[in-house]
Every structure is written in C-alpha cells, then in structure tokens.
Amino acid sequence: MTTVTVNGRDHRVDAEPDTPLLYVLRDELGLNAAKFGCGLGQCGACTVIVDGKAVLSCVTPLLLVEGKQVTTLEGLGSVETPAPIQRAFIEEQAAQCGYCIAGMMMRAQALLQRNIRPSNDEIRAELMPHLCRCGTHMRILRAVHRAAHLMQTADASTGRRSTP
Amino acid sequence: MKGPVLDRRSVLAGSGALIVSFSLGEAFAQDPAAPKPPGSLATAPYLDSWIRIDADGGITAFTGKAELGQGFKTAFQQIAAEELDVAFAQVKVVTADTSRTANEGYTSGSHSMQDSGTAILHAAAQVRALLVAEAARRLDLPAENFRTENGAVIAPDGRRVAYGELVAGDWLHVQAQPTSPLKDPSTFRVIGQPVPRVDIPAKVTGGAAYVQDLRLPGMVHARVVRPPGYGAQLTACDTAAVEKLPGVIKVVRDGNFLAVVAKKEFQAIKAMAALAAAAKWTETAKLPKQDDLPRMLTSLPSQDKTIFQAGNAMVAGRKTLEATYTRPYQSHGSIGPSCAVAQSVDDAMTVWTHTQGVYPDRAAIAEMLRVPPASVRLIHVEGSGCYGHNGADDAAADAALIARELPGVPVRVQWMREQEHGWEPYGPAMVTKLKASLDDSGAIADWHFEVWSNTHSMRPGGAGSLLAAQHMAQPFAVPAAKPIPLPEGGGDRNAIPIYTFPNAKVVHHFIPDMPIRISAMRALGAYHNVFSIESFMDELASAAGADPVEFRLRHLDDPRGRDVIERAAQGFGWQKGQKAPPDRGYGFAFARYKNLAAYCAIASEVEVNRDTGRPRLVRAVAAVDGGQVVNPDGLINQIEGAILQSMSWTLYEAVSFDDGRITSIDWQTYPILRFNAVPDSVTVHIIDRPGKPFLGSGETGQGPAAASIANAIADACGKRVRDLPLTRRKIKAAIDA
C-alpha cells in the first residue's frame with residue numbers, strides 16, 4: 001500500500017509501485033481529468049501538478065509521488081464554483097473536443113501560481129509540451145491570459161472574483 | 001372514426017382543420033412521388049424521432065449524429081429551443097444511439113447541420129404548429145391568433161396551455177410534412193446567438209465527458225496486441241506465463257487477433273507487453289517506397305473517368321503552365337487513442353463507442369460476431385476528436401470481440417499510442433496534375449485537372465472493414481474499394497473548379513489498390529484538390545501579372561463566393577500590388593466545400609527563415625458563409641481549428657513507413673503543430689445568411705488554409721513547393737535551387 005495525497009486528501013492505494021500516477025488517479029481514485037494520450041510524455045494530456053510543478057503523470061511512477069501533494073483539475077474547482085483557470089476556459093470557449101484541455105490547464109495553472117503576469121511568449125514556451133489536434137490554440141492562449149487577469153483581479157480584491 | 005380528435009396531417013399541411021380523425025396506421029402513407037420533408041426527415045419522417053415532450057414540459061431533441069467536439073449538440077439545442085419557443089435550458093439533446101435515435105448514417109462530410117440540424121428545425125416547427133392547433137381545439141377557438149412563449153400556447157384572450165398538458169402517448173408519432181411553418185429569422189432569439197457550449201463545463205472540471213471516462217460496475221481492462229505489420233500471421237504464442245501475471249483474467253486469441261484482459265488498467269498494459277513479447281509473427285507486407293509515392297500512385301491500375309468537361313478542351317491559349325502537386329498519407333492523429341467499452345448480457349451486446357456511425361458500425365460488428373443486428377446496441381459517447389475515420393470503429397469491434405468471451409462483464413479496451421498511429425486508416429496519398437493556359441487578356445483559356453487517388457472511405461459497411469474481423473481465425477475480407485459518387489465525391493471532391501473557364505476537363509483516376517490502410521479524413525480529397533487548384537490559380541495569376549484576389553474574382557460568377565473573397569481580402573487589408581515585408585509573403589485561397597456546402601476564403605501572412613527554410617504562419621484572416629448561422633462562436637471555433645489543423649498537415653505531416661511496417665508511431669515520429677508555431681492572430685469573419693439553408697462548415701477551411709499558406713510561402717521566397725508537406729527542408733532546397 002502506498003499513500004498519496006491528491007487534492008488535499010490522503011489515499012491509501014493498492015497498486016504496484018511502478019504504476020504510473022495517471023492510472024492511480026483514473027482507476028484507483030476515479031478521477032477523470034488527467035487523460036491518457038500517449039503514455040510517452042509527448043503530448044501533455046496527462047499533466048497534473050505535483051508539489052507546485054506540472055508533471056506528466058503517464059510517465060511518473062507512484063513510487064515517486066509518495067508523500068507529495070498531487071493536484072488535479074478536479075482539485076481546482078467545480079462546475080458550480082470554478083477556479084479562475086476554469087472560468088477563463090469556459091468564458092473563452094477554449095475547447096473543441098477538449099481532450100487535451102485538462103492537461104493544458106494544469107500546466108497553465110502551475111505557471112500562473114509562480115508567475116501571475118506571464119508574457120505571451122512565456123505562455124507559449126510553457127505550453128510547448130502540449131499538443132492540441134483540434135487547433136484550439138488561439139483560444140487556449142486567450143484563456144490563459146484571461147485566467148491570469150482573473151487571478152490578478154482576485155488578488156487585488158482580496159479573493160473576490162471579477163465579473164467579465 | 002374514433003371521435004373528434006385533431007387531424008395532425010391537415011394541420012401540418014396548413015389547412016388548420018381540426019376535425020377528422022383516423023387511425024395512425026394507415027393515415028400517413030405517403031405518395032412516394034410526393035416531395036419529401038427536408039434534411040434527415042426525408043429518411044426518418046416521424047416527428048417523435050426528433051422531438052419529444054414530456055408531461056412536465058421537458059423537451060428532448062434527438063439526433064442520430066455524433067458529437068465529435070464540433071459543438072453541434074449545443075447548436076441543435078438552440079434550433080429546437082428557437083422553433084419551439086422555449087428557453088435554451090429547457091431542451092436536452094440525445095445523440096446517436098441505435099436504441100434511441102434515428103439512423104443518420106455517419107457523422108461526416110460536414111452534414112450534421114444540413115441533415116440533422118435541418119430535421120430538428122423543421123420537426124420542431126411542425127411540433128409547435130401541432131401544439132397550437134391542439135390548444136385551439138381544446139379552447140374551442142380558431143387557431144389563427146395563438147402564439148407560443150416559454151413552453152406554452154397562449155390564446156388571444158390570454159389563456160395559457162403548457163406544452164406538457166397538450167401531449168400524451170404517441171401524439172407526436174406522426175409523419176412530417178414537406179414544408180414547415182418556420183419562424184421569421186428576424187424574430188430569432190436563440191438561433192444566431194453565441195450560446196456557450198453545453199459540454200465545456202464538464203470538460204474543464206474533470207467531469208465524465210468521454211468514453212474513456214466510462215466506469216461500469218465490475219468493469220475490466222483489455223489491451224490488444226496488434227500484428228507488427230499489415231497481413232502478419234501469428235505463428236506461435238505461449239500464453240502460459242502471461243496468464244499468471246498479476247490481475248490477468250484472460251488471454252483472448254482468435255486467429256491473428258490477440259488480446260489480454262486484466263482487473264486493473266496498468267496490469268493489462270504490462271500483460272500486453274509480455275504477450276507481445278511472447279507472440280511470434282510471420283511478416284509478409286510489402287509496402288511501397290515512401291519517397292516514390294507519386295510514381296507509385298500514378299502507375300497503379302486506375303479506373304479513369306472524365307468527371308467534367310466544358311467547351312473544347314483542346315483549345316490552348318498564348319501561355320501554358322503545367323504543375324504536379326502531391327500529398328502523402330496523413331494521420332488523423334487523435335490526441336486520445338481510440339477506446340470502447342462492451343458488455344455482453346444474455347446474448348445482447350452493448351458497445352459504448354466514439355464511432356461516427358452507430359448504425360453502420362452496429363451492422364459491421366453484428367456481422368463480425370455472426371449475430372443479428374438487433375442483438376447489438378451501439379451507444380455513442382464522445383471520444384477525443386477524430387476528424388474522420390480513425391481507430392474508433394476498430395476499438396469498438398475489439399471490445400465486442402473480447403466482451404463476448406466474458407459474458408456479463410463490461411470490458412474496456414483502450415488503444416495505445418503506437419496502435420492508433422500505426423493502425424488507423426490514414427488520409428490517402430494523392431497526386432494532381434494541372435495544365436492551363438492564358439489568353440491574350442490574361443484570362444484562363446483552358447484548364448486541365450487530373451487527380452489520382454484511392455477511395456476516401458473504407459468505413460464499415462461490413463465486418464471486413466474492422467481490424468478485429470480481418471484478424472479473426474475465420475476472417476472477413478476487406479471489401480472492395482468504391483469511389484464516393486459525385487457531387488460530393490471522394491478523391492475527386494472539389495476536383496471540379498468552381499471558377500468559370502471557357503474550356504475545361506477534369507479526370508478522376510480512381511485507384512482500387514490500397515497499399516496502405518486508408519479511409520476518410522477531414523475534407524477527403526478536397527484538401528489536396530483545393531490546395532492544387534488554388535496554388536495553381538496563384539501560379540497563373542503570377543504568369544498573367546494579375547493580383548491573386550482580382551484574378552480569382554475575374555473567373556468567379558458565384559455571388560456568395562465573391563462575397564467571402566472580398567470579405568477576407570478586406571479583413572486582411574489585401575491591396576493590389578502590395579509587397580510583404582522582407583522574408584514575409586501574403587497568400588490567398590478560396591473554395592466552396594464540395595461546391596455545395598460552406599464557402600471559405602483565407603488570406604494569410606507567412607514568414608520564411610531563409611537560412612533554415614522554416615515557415616511560420618504569422619496571421620490568417622478568414623471569411624465564411626455557412627448559410628443561416630446558428631452559433632457564430634461555434635462556427636468561428638471550427639474555422640479557427642480548420643486553419644491551425646490544416647496548417648499542421650500542410651507544413652509538417654507525413655505518415656512514414658519502411659518495406660514492411662509503418663514507422664510513424666508516436667508524436668516524435670509523426671510531429672505536428674506545437675505552440676511555438678502558433679500564429680500571432682487568426683480572425684474569422686462570418687457572412688450570415690438568415691433564413692438560408694445550413695451549409696456544412698466543419699471541413700470547408702482545410703483546403704483554403706493549405707493553399708493560402710502555400711501561396712504565402714511562394715510569395716515570401718519566390719519559389720514554389722508543390723509536394724506536401726511544405727517542410728523547411730523542401731523550402732530551403734527550393735530557395736537554394
């Protein structure tokens with residue numbers, strides 16, 4: 001048994017230690033957001049945040065995340081109370097099929113947590129590990145900018161969200 | 001006669017009569033020569049196939065089409081809400097399910113709005129008319145001055161009857177009429193609005209949104225071990241060690257079909273690797289030489305057909321140009337590999353799948369299982385975007401074949417990345433040869449266009465289209481390829497020019513042999529044909545010393561085509577004789593998809609690094625006319641996506657293979673667009689046509705984007721590359737030549 005902390009809660013997981021975090025999240029914990037895309041760390045669809053950093057969960061074994069803080073898209077907010085990054089993607093309608101989007105959002109979230117005012121070039125560079133096949137890139141970039149703006153506004157107004 | 005009930009047929013026919021009753025069975029038999037109702041109502045004419053109203057007023061719209069990320073589920077909800085005069089949120093949309101929805105074949109060819117959207121529009125309008133007539137009958141008033149609002153019929157005296165009170169039983173089980181009392185587009189409240197997509201909130205919060213997210217009680221995980229190449233034979237496989245691995249439930253072998261089932265997903269993956277290592281194959285595939293594709297294609301036996309002729313094709317003008325354009329095999333490249341869940345209960349098989357065609361795929365799977373189609377149910381659940389016939393149907397067949405071996409147990413099959421890349425049916429390689437001449441005035445005097453291509457659809461059909469059925473011990477043969485008939489066409493889609501040329505000839509060389517597995521990929525042959533035509537138009541414009549936009553307008557009569565060209569040019573700031581900044585180029589292209597769906601023109605600015613040859617799309621401006629627009633933001637999203645996806649195909653993508661195996665099996669070996677190459681801006685202008693029929697728009701951008709970028713590259717470096725993809729190496733070689 002291995003203990004992992006996901007979205008602030010400890011889980012005792014009965015999986016072999018080489019099991020990639022992706023399968024622990026999806027199969028043991030029933031979480032949907034992290035997606036299987038390649039299993040090779042080439043597409044970014046499986047991205048989650050571990051101790052504040054964006055991590056490719058499909059190539060990260062369970063062994064390496066024991067005792068660390070794992071955050072998935074589910075841990076950021078919900079349909080009823082969306083986090084700024086989620087609001088931003090909804091407001092920009094930044095998805096077509098949406099399969100790649102959860103991973104994109106997690107890397108963008110990690111970026112915004114360490115730099116709330118990224119430049120356009122910084123956002124593009126950050127998203128390089130991520131593939132989108134529908135061609136939603138323009139909207140994804142706009143959504144990350146919008147999320148940054150929402151987070152800045154929330155900071156400035158002690159946690160209150162702005163309305164667009 | 002059963003008493004005084006509403007004659008729904010005469011209401012729909014516009015007489016407003018409310019008196020005659022009849023039995024449902026015989027009353028609606030229609031004259032086969034009579035005009036058919038529009039869209040998919042022609043083949044599924046009962047109104048309750050499209051619209052149902054519950055006693056509590058809840059409304060459901062049904063579509064046989066599959067939501068693939070195009071967003072039409074939201075658009076259909078808008079259409080139904082509009083014509084029924086209810087709030088958007090009051091309508092639910094149910095998508096493709098062989099037990100619940102009409103058979104609308106495949107979700108393909110940009111047909112969803114045209115077929116299903118039109119059916120829902122007219123069905124909803126006819127249902128609304130029935131509701132009004134029934135309310136009038138109950139209130140014993142003439143129906144003329146009734147109106148509808150918020151899910152109720154309102155009498156001139158202000159009395160309201162809720163829709164839910166008016167319907168009962170099979171009240172809407174009535175055949176649609178050829179014409180409908182549609183609302184005046186100027187009164188639309190929901191159609192034409194950029195309503196946010198209904199599926200996005202779940203997708204950005206980790207909700208269950210995809211077939212990959214389906215978790216049925218007791219579900220187990222399977223992985224397939226595919227042969228190393230086409231036609232390979234499994235000669236030996238000692239499964240004993242694999243069966244002892246942790247969690248393994250079963251190894252399934254049926255001829256060359258090999259799979260393993262385990263309790264947990266990663267156990268299945270490990271067992272798959274062990275099983276693959278244990279399997280011994282004999283390989284026989286002889287694939288063509290990848291760098292010799294154009295010669296290979298043009299030398300294969302072909303069925304040749306002149307599909308268009310105008311004037312005298314022997315006429316030649318003063319100045320003659322010739323060019324050959326080529327396209328490699330290209331991958332759909334879904335980000336999520338194909339997946340399906342199947343469960344066999346008491347001889348009834350249910351498959352949850354992201355297929356584009358639940359009915360045809362059901363027929364194929366039933367044939368493979370050698371059971372009646374009625375014992376198989378296919379339920380569409382969204383997958384990763386597919387852009388055509390990817391591994392979805394094959395994964396569904398895999399799941400059904402494995403689930404048959406484990407009665408009662410839901411089996412989830414998830415393809416691995418290398419399986420999707422290596423086994424999906426690719427977009428076919430193509431060759432076009434063009435020849436045209438200019439008259440003394442610089443106009444095109446004659447036009448010759450020849451295209452060599454496989455078919456562009458090997459969709460099931462029959463079981464033989466499914467990998468699992470091909471690999472079984474009693475296999476099904478791959479069906480003979482057939483060309484897709486015009487006017488839509490396959491390899492010849494958009495081969496006939498939309499421009500008016502005094503003398504022209506277009507020949508389609510249909511190649512039945514398929515050395516590489518191929519099928520439908522977004523826009524089919526239109527991608528390459530439009531790339532070819534619109535590249536050649538620029539070559540001719542240049543030879544004529546004419547501006548590319550002006551040159552196109554000079555040869556185009558279609559007023560809606562002219563409008564999109566002018567709108568895109570204006571939005572881009574296109575000016576005759578303009579020069580782009582150093583190392584940059586401007587390009588323009590236009591097409592009407594299939595010559596019968598949406599119009600699209602795209603202007604682009606491209607930067608070319610002369611030292612490396614690397615091209616970058618800097619900005620693109622598109623104009624699109626898709627008829628009546630239902631959701632403008634959805635349409636913009638589709639065109640933006642078309643431009644970026646087509647740019648990726650056009651600049652980077654080619655399936656690779658050696659003598660016997662596909663070698664592009666992941667994102668390293670099949671690179672696509674990444675964020676460093678995303679343009680600075682993409683702008684889409686919509687020309688709305690209120691009240692006009694919906695024109696399919698999902699694929700209209702693919703060809704124009706490719707040619708617009710190619711033309712901009714040629715403008716930037718003064719050299720033209722005609723062999724797709726337009727890689728930096730080819731551009732660099734052209735610059736240096």
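How far apart should the ends of helix α4 (residues 112–139) of chain B be, at 1.5 Å a residue?

## Helix α4 of chain B

The model is predicted. Helix α4 of chain B has 28 residues, so at 1.5 Å a residue it should span 40 Å. Its end C-alpha atoms are 39 Å apart, which agrees with that expectation.

Most of α4(B) is covered: of its 28 residues, 25 are buried. B:D140 follows the helix. The phi of B:D140 is positive, near 60 degrees.

Across the boundary, 14 residues of domain 1 of chain A are in contact with 14 residues of domain 2 of chain A.

Two strands of chain A, β3 (47–50) and β4 (53–56), each supply at least two residues of the side of domain 1 that touches domain 2. β3(A) gives the most to that side, with three residues. By residue class, this side of domain 1 of chain A holds nine nonpolar, three polar and two charged residues.

## Where chain A meets chain B

Between the chains, 47 residues of chain A are in contact with 47 residues of chain B. Helices α1 (21–28), α2 (84–91), α3 (101–114) and α5 (137–156) of chain A each supply at least two residues of the side that touches chain B.

What is the make-up of that side of chain A, by nonpolar, polar and charged residues? It divides into 26 nonpolar, 16 polar and five charged residues.

Notes: Residues are numbered from 1 along each chain as its sequence is written. Chains are lettered from A and ligands numbered from 1 in the order in which they are written. This is a predicted model: local features need pLDDT of at least 70, side-chain atom pairs count only at pLDDT 80 or more; totals for chains, interfaces and linings use all residues. Helices (H or I, at least four residues) and strands (E, at least two) are DSSP runs, numbered from the N terminus. The expected span of a helix is 1.5 Å times one less than its number of residues. A residue is buried if 20 or more other C-beta atoms lie within 10 Å of its own, exposed if 12 or fewer, and partly exposed in between; C-beta atoms are placed from the backbone. Two residues are in contact if their C-beta atoms, placed from the backbone, lie within 7 Å. Ala, Val, Leu, Ile, Met, Phe, Trp, Tyr, Cys and Pro count as nonpolar, Asp, Glu, Lys and Arg as charged, and the others, Gly among them, as polar.
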